[in-house]
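Dear colleague,

Here is the structure we talked about handing over. Please open it next to this email; my notes follow.

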Amino acid sequence: MYTKDPAFWRAGAISATLVMLVILGFLSANSLAVITAGGGGHVPPYTVINHQISYQYDPEKDQDMPVIGGEQLLFGKRYDAAQASALIGQGKLVIQSRACIDCHTFLGNGAYYAPDLTKSWLDPAWKAQWMPMTQSKTKEEAMVKFLMHPERYPTWSREMPNLQLSQSSAEAVVAYLKWLSSINTNGFPANFNNASQQQ
Ligand code: HEC
């Protein structure tokens, strides 16, 4: 059936637009839930920093998946939802203010001069190299010492400059990096240090 009646085509265009608007609204709400911290999707709530986070190979997906374990406090403190959100927010501001992405990548965004930091918290080098080098009892202590004085603890062909981070700024960055590592990134970055095999 073909008609030249403009009313027919107008009604068709309007109804198709309305249907697509409803679908767009549904997809937007769904995507937001998947990428919001604690939204039940790929991004755990900020209080995940009170837990152990590990990386395990999932043969079905053929990729490493973050696994949230039992309680493992950060800096010996238990952060409630508001405190965890504030601390990680501060970490994000420190990272933005120092333009860490001039050298590093986060979730693949940034420069490729230095290692991707998405899974840095899970890097076996903290235990194997930086904890002994900095004489630290915990990984977070080693990370804070490294972040405050990277020039003292080089492990790589390129060195990270000292960015004059205060103790509290470095701690906030560590909280941010711990939370970041818990995000299910569908296995990105690929073959990250083979962390799951080494642990
Ligand atoms: C001028 C370039 C540069 C900037 C800017 C920079 N970094 Fe680095 N960073 C490096 C290099 C190079 C390394 C590797 C150093 C090493 O292993 O000795 C590194 C290593 C690291 C590591 C250890 C990564 C791992 O798991 O192996 C962390 C964490 C880190 N940087 C965090 C930061 C943060 C946070 C900022 C911003 C506050 C920052 N970096 C800014 C160059 C930079």
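Pro189 sits in the loop between H5 and helix H6 (195–198). Look at the bond before it. Phe188 and Pro189 are joined by a cis peptide bond, with omega at about -10 degrees. Most peptide bonds are trans, and most residues other than glycine have a negative phi. Keep in mind that this is a predicted model.

Now the backbone angles. Leu107 has a positive phi, near 50 degrees, and is not a glycine. Leu107 lies in the loop between strand E3 (105–106) and E4. Leu107 counts as partly exposed because 13 other C-beta atoms lie within 10 Å. Gln164 is another non-glycine residue with a positive phi, near 55 degrees. Its place is in the loop between helix H4 (139–148) and H5. Is Gln164 buried or exposed? Gln164 is exposed, because 8 other C-beta atoms lie within 10 Å, and the cut-off for exposed is 12 or fewer.

Next, H5 itself. The helix covers residues 167–181, which makes 15 residues. From first C-alpha to last, H5 reaches 21 Å, close to the 21 Å expected at 1.5 Å a residue. H5 is mostly covered, with 13 of its 15 residues buried. Ala170 belongs to this helix. Ala170 is buried because 20 other C-beta atoms lie within 10 Å, and the cut-off for buried is 20 or more. Where does the chain come back to Ala170? Leu147 is 23 residues away in sequence, yet the C-alpha atoms of Ala170 and Leu147 are 6.1 Å apart.

On the annotation: an unreviewed UniProt entry lists "domain: Cytochrome c" at residues 86–181. Over residues 86–181 the chain is 49% helix and 4% strand. The end C-alpha atoms of that stretch are 18 Å apart.

Then the ligand. Which residues come nearest to the ligand? Of the 24 around it, they are Cys100, Cys103, Ala114, Trp156 and Met160. By class, the shell holds 16 nonpolar, three polar and five charged residues.

Gly110 is in strand E4 (residues 109–110). Gly110 counts as partly exposed because it has 17 C-beta neighbours inside 10 Å. Pro45 is 65 residues from Gly110 along the chain, and their C-alpha atoms are separated by 24 Å.

Now to the hairpin. Strand E1 (residues 51–58) and strand E2 (residues 63–71) pair in the antiparallel sense. How many bridges link E1 and E2? There are seven. Four residues lie between the two strands. In the turn, Asp62 has a positive phi of about 55 degrees. Asp58 has Gln63 of E2 as its bridge partner. For Tyr55, the bridge partner in E2 is Pro66.

Gly70 is also in E2. Gly70 is exposed because 7 other C-beta atoms lie within 10 Å. Compare its position with that of Ala99. Gly70 and Ala99 are 29 residues apart in sequence and 33 Å apart in space, C-alpha to C-alpha.

Last, the overall layout. The protein chain is divided into domain 1 (1–35) and domain 2 (46–198). How far apart are the domain centres? Taken over C-alpha atoms, the centres of domain 1 and domain 2 are separated by 44 Å. The unreviewed UniProt entry also places a "transmembrane region" at residues 7–27. In the model, residues 7–27 are 100% helix and 0% strand. The end C-alpha atoms of this stretch are 30 Å apart.

To go through it on screen, I would take these in turn:

- The cis peptide bond between Phe188 and Pro189.
- The positive phi of Leu107.
- The positive phi of Gln164.
- The ligand shell, including Cys100 and Met160.
- The hairpin of E1 and E2, with Asp62 in the turn.

Best wishes

Definitions and conventions: Residues are numbered from 1 along each chain as its sequence is written. This is a predicted model: local features need pLDDT of at least 70, side-chain atom pairs count only at pLDDT 80 or more; totals for chains, interfaces and linings use all residues. UniProt positions are given in the numbering used here, feature names are shortened, and annotations may be inferred rather than shown by experiment. The expected span of a helix is 1.5 Å times one less than its number of residues. A residue is near a molecule or strand if its C-beta atom, placed from the backbone, lies within 6 Å of it. Ala, Val, Leu, Ile, Met, Phe, Trp, Tyr, Cys and Pro count as nonpolar, Asp, Glu, Lys and Arg as charged, and the others, Gly among them, as polar. Domain bounds come from an automatic or database domain assignment. Two strands pair if DSSP finds at least two bridges between them.
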